[in-house]
Amino acid sequence: MKNILVTGGAGYIGSHAVYDLQKHGYKCVILDNLSEGHEESTYISGGKLEKVDLNDLPALGRLFNKYRFDGVLHFAGFINVGESVNAPKKYYQNNAVCTQNLLNAVVDRGVKYMVFSSTCAVYGNPQYLPLDEKHPRDPINPYGKTKLMTEFMLEDYCAAYGLKYASLRYFNASGADESGLIGESHNIETHLIPLVLKTLTGERDSIKIFGNDYDTPDGTCIRDYIHVNDLASAHRQALEKLWAGMESGCFNLGTGNGHSVKEIISACEEVAGRRVNAAVTERRPGDPPSLVASNDKAKKILEWNPKYMDIKEIIRTAWQWEQHRKY
C-alpha cells in the first residue's frame, strides 16, 4: 500500500483529495498547521494528521524520518488574491519559502514524485481563450507570482535532482463531496458560490456583483467552475501517471465551460428555491472579463475527464454541504 504525504490535507481541496485517495486504497499522512484547515475534516477523510508547519525545519525533518513517502501532493498555501496584494510578505513566505523547505526535504529524503496545486492565476490577463498550457505566464498579483515561483522551482529541481512533478493549474474550485461530510469552509470566504449560498441561508445579508459593464453577454465576469471531486481525482491520476513514467509537466484543470456571475446567482437561486439579494458595485482591480480553460492536455495525457459538467449539479452539492456544515 503506497503512502502519500498530503500537505494542506485539512483544507478544502486537500481534504477531498485525501478522501479520494483513501477510497482508492492509498494511505495518507496529512501535514497541516491548521491555520486555515479544519481538524474535523481529517476525522472524515481518514488521513493521519501531523500538525507540522513547513516553516519548522526540525519538525519537517522528523516527519520525513518517521515515514517513507511514495509521493507528495502539495496543497498547503494561501489563496486570497486581494490579501496577497496587501500582505505580500505573508504570501512569499508561505507559498514560496515554505514550498522550498518542502522541496528540499523531498529531494534530500529521496522522494521522487510530487503533484503541485497551482492556479490559472499564473497566466495573468488572458491574451486568448480558452487558455491552454502554452499561454504566456504573466501573473498580475503576488498570489499568482508565488505559484509561478513554485513552478520554476519544480522545473529546476526536476532538471537537477530528478524530481518528477505535475503542476495542476486550477480554474474555479467549487462544490462539495456527495456525502455531505466534507466541503468548503474558509475562515474568510471569497469564492462566489459559497458566498451566494450563505446569503440564501441567511448567514449573509446580500451578495455583491463587482461590475456589470464587462465585455461579456450579460456584463458580468465569466469563470470556469470545476468540481472539487474532479480536482481530487486529477491529483490521484497525475500521481499514478508519474509512477507509470509520465514526463513532468503542467496541466489545466477546468471544464472548458464559462458561467457569468449573474448565471451563477440564478443557478444558486434555482437549486435553493429562494431569491437572493444582489447588489452591483464597482469592479475589482485586476478582474479579467473571462477565464475559461482548455483541458485537452489533461484529458489526453492524464486520461482525466471531469464528471461534473452541469453547473447546477455542482451547486447542488455545495448547497447540500452549506445547509448541514460539519465545521
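**Helix packing and salt bridges in the predicted model**

Helix α1 (residues 12–23) packs against helix α8 (residues 228–243) at an angle of about 60°, and their axes are 8 Å apart. Axes here are lines fitted to C-alpha atoms, for helices over the stretch in contact, with angles running from 0 to 180 degrees between N-to-C directions. Helices (H or I, at least four residues) and strands (E, at least two) are DSSP runs, numbered from the N terminus. That angle makes α1 oblique to α8, since angles under 35 degrees count as roughly parallel, over 145 as roughly antiparallel, 65 to 115 as roughly perpendicular and the rest as oblique. This is a predicted model, in which local features need pLDDT of at least 70 and side-chain atom pairs count only at pLDDT 80 or more, while totals for chains, interfaces and linings use all residues. Residues are numbered from 1 along each chain as its sequence is written, and side-chain values use heavy atoms, with hydrogens and water left out.

On the α1 side, the contact (heavy atoms within 4.5 Å) is made by Tyr 12, Ile 13, His 16, Ala 17, Asp 20 and Leu 21. Helix α8 brings Val 228, Asn 229, Leu 231, Ala 232, Ser 233 and Arg 236. Sorted by class, the contact of α1 with α8 has seven nonpolar, three polar and two charged residues; Ala, Val, Leu, Ile, Met, Phe, Trp, Tyr, Cys and Pro count as nonpolar, Asp, Glu, Lys and Arg as charged, and the others, Gly among them, as polar.

Now to the charged pairs. The structure holds 22 salt bridges, each a side-chain nitrogen of Lys or Arg within 4 Å of a carboxyl oxygen of Asp or Glu. One of them pairs Glu 247 with Lys 164, with the closest N and O atoms 3.5 Å apart. Glu 247 sits in the loop between α8 and β11 (249–253) and Lys 164 in strand β6 (residues 164–170), so this pair ties together parts that are 83 residues apart in sequence. Glu 247 counts as exposed, at 57% relative accessibility; buried means under 20% relative accessible area, exposed over 50%, and partly exposed in between (1.4 Å probe, protein chains only).

In the salt bridge between Arg 325 and Glu 322, the closest N and O atoms are 2.1 Å apart. Arg 325 is partly exposed at 30%, whereas Glu 322 is buried, with a relative accessible area of 7%.
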